[in-house]
Amino acid sequence: MAQQLIQAYQQAPWRTQVLRLRTYLLLILVFALVTGLYLSISAQAAMAGLGSQQGEWDRQSLLREVSSLKVKLGSLTSVVAMEERALKLGYKPAPVDSGMYVVVPGYSGRPIVNLAPPPGPDSLPTGTLKAEYTESLWEFLFKTINGFQLTQGGKLP
Amino acid sequence: MNINQNSRFFSMGIAFSLIGALIFGQMISIQNRSDVSEMDTYYRENNDTITMKIIPERGSIYDRNGKLLAGSREVYEVGIDLKTIHEDTWDKEIQAVAREVKAITQWNTDSLLKVTIADKKNYIYVRLADGIDQVQVDALVKRKKDLANEDQPYLRSLVLVPHLQRSYPEGSLAANPLGYVTFLDSANPRGVNGVEGRYDIYLAGTATSILLPRSPYDITSVPNLPTGSSLILTLDREIQSAVEKIIDKAVAKTGSLSGTAIVMDPRTGEILAMVSTPRIDPNEYWQRVVPELLLKKIPWNRAISQLYEPGSIFKPITMALAIEAGAVTRNTVYNDLGFFDAPGKRIANWAYAAYGKQNMVGCLEHSINTCLAWISYQLGDKKFYEGIKAFGVGQLSYVDLDGEDYYPVRQPTDENWTKLSLATNAFGQGVAVTPIQMISALSAIANDGKIMAPHILRAIIDKGRQYNNPPQVVNQPISAKTANEVSNMLAEAIAGEAKIIKIDGYRIAGKTGTAEIPMPTGGYYADKTNASFVGWGPVDDPRFIISVWLEQPGGSQPFGSIVAAPVFQEIFETCVQLTNLPPDAIRKQLLGSTPK
């Protein structure tokens, strides 16, 4: 009787196999998903890294261009160039005794040139890359868990 | 599922497990092999990272009004990557690169032709040219494309590396005080002479080598190194340019060996202009310094590096010391007989002239050597030598420029000093100074007895902040009263000295000098002189002290009053005009000031 009851509730063999197969496929799917996610994140991190590197080269290039343009401006406004331009425009050097002097209230002569602000409190240099571009998934995971614990389950203590 | 099926599954499971275990075991084995470990270390060290030397941009140099005097511009280094050259076409590629680079850049590339295939083992890169501008680079790139289109890709190994190079947009303007940078040594450029040399450590910044990972996963940010500090100088490029023209003209007109001039603000010690000949365009230092200066033993900047006997422009110092010590007053009378018998030698005046009874203004006006020799004995050697030391004679002025020279004054305690030395030193013979030391000493008379530190740095810009360089008093060798007295005496003297200086509206003080030139073997040349003039104005509130020195002028009248004084006048008039300084009367009227 007991033997008969067990047999009555036993799953059909094909059902058991399908169940096992499903479980196996589910595991593979989860593994594939995690792998895919990891690859995707890694690819994005690599792209960001390359982009950052390219940005660095571009920045260097722009800085060189800025310097070159400053020198070019210096050449275009050099004493010789300005004098040539003035003479072409018909200007002539003024004789010493041709000046007329007037008092301009509030004008105290040419001020000292200031090309930068005066000394003040310095700020510490900070990195330019965000942590998202440098930390691994594990580091991100641990940091998130740690942060979760510190805030007592997402709520501030 | 029957027993057969189960056993088959079981067997396959064991087989796959064994295969998996074998693979895993082999992986462990490979990982632990010593040669694999060494190889891994080798590639990690050589390929995982690249070493990058970051040379920060060299700081810029500006004049006092913020005009750029020295900056940096983008240029290219042209090289050849030996790894990429095919061995089959080695000769063709090497010859093509050498020919094309030489044709476009004008650089000599003959040494490239000697590079052999065997060199590939030792070298991977050969530098061919540097400092190549964008136009030439564009021409090279175009040529490379053209050859590739013609199925002759012989320039594929060409490498173009951009970098910054020192550039001077004003050319040779202010070259003497600026100095230059050895930019052709792009890996280690160095400032030489002048400001570039003196402030090289600040301008250059700190070069840093960093390891950059090649893997994009390990990317790290390149440290944002600050550029070298920038400098704001006290120079005024308008005044500098004008003075350079005036000096060049004077040298050509008088046939002098060289000309030197300094314009300084005696109240602050700020150098507004510093000129000497020749001037080498710092952009071309690599072509011109050796043949034009080094081989001829000519200093880069005579104003700080060339010693000469000042002659009569030294007399105001002796006079000031004597008045300060009470040895003479402006009304003391000296009876000039045309000679003065110093111990061991009779001293005579220029052209053996005798001026009879003269007060101290007359002594300065006629520049009477015998009078000054007599004064030195009234003063005494101790006070004289202590006094000229306080004036900075025979010492460095410590102007903030690289390359300053000095020659110590013989002291009474020295073996080769005699009583005659005192008499000759009193009128500027037997002492050697540079123009910067002389103008610095005389600035005390113009500035109430105080010597301000002569300097060219007005401010330094470091990490985005501007730090100003305040004027500093170096010494006060005489009182303000004595200084003003001597200044007025000199103003009267040059007004009387055949009216050599006549600047309408401005009262000027100054002294001419016509100095003999000592021979290396002793004694003085009979036919060679140095003509000079140092003056300042306006006397009641001096804004400019100007030193002019023409070395060995030609002509029949190579005197300071004839050749140097007019140069001083022209420079002073230019300074007045460029700085909008009104004539004395108008200035006093506008400011409501009274004369000293």
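Sheet first. I looked up the open five-strand sheet of chain B, and its order is β11-β10-β22-β21-β20 with antiparallel pairing. (Strands are DSSP runs of E, at least two residues, and helices are runs of H or I, at least four residues, numbered from the N terminus; two strands pair if DSSP finds at least two bridges between them.) β11 (270-276) and β20 (509-518) of chain B are the edge strands with a single partner each, so one side of each has no neighbour in the sheet. On average, neighbouring strands here are turned by 10° against each other, direction ignored, using axes that are lines fitted to C-alpha atoms.

Note on the source: this is a predicted model, where local features need pLDDT of at least 70, side-chain atom pairs count only at pLDDT 80 or more, and totals for chains, interfaces and linings use all residues. Residues are numbered from 1 along each chain as its sequence is written, and chains are lettered from A and ligands numbered from 1 in the order written.

I found nine bridges joining β20(B) to the antiparallel β21 (524-537) of chain B. B:Lys511 has B:Val534 in β21(B) as its bridge partner.

Then the peptide bonds. B:Thr277 to B:Pro278 is cis, omega near 0°, and B:Pro278 sits in the loop between β11 and α9 (285-294) of chain B. B:Gly537 to B:Pro538 is cis too, omega near -15°, with B:Pro538 in the loop between β21 and β22 (544-551) of chain B.

Last, phi. B:Lys463 is not a glycine, yet its phi is positive, near 50°. I place B:Lys463 in the loop between β17 (457-462) and β18 (465-468) of chain B.

Technical notes
Axes fitted to C-alpha atoms, helices over the stretch in contact; angles between N-to-C directions.
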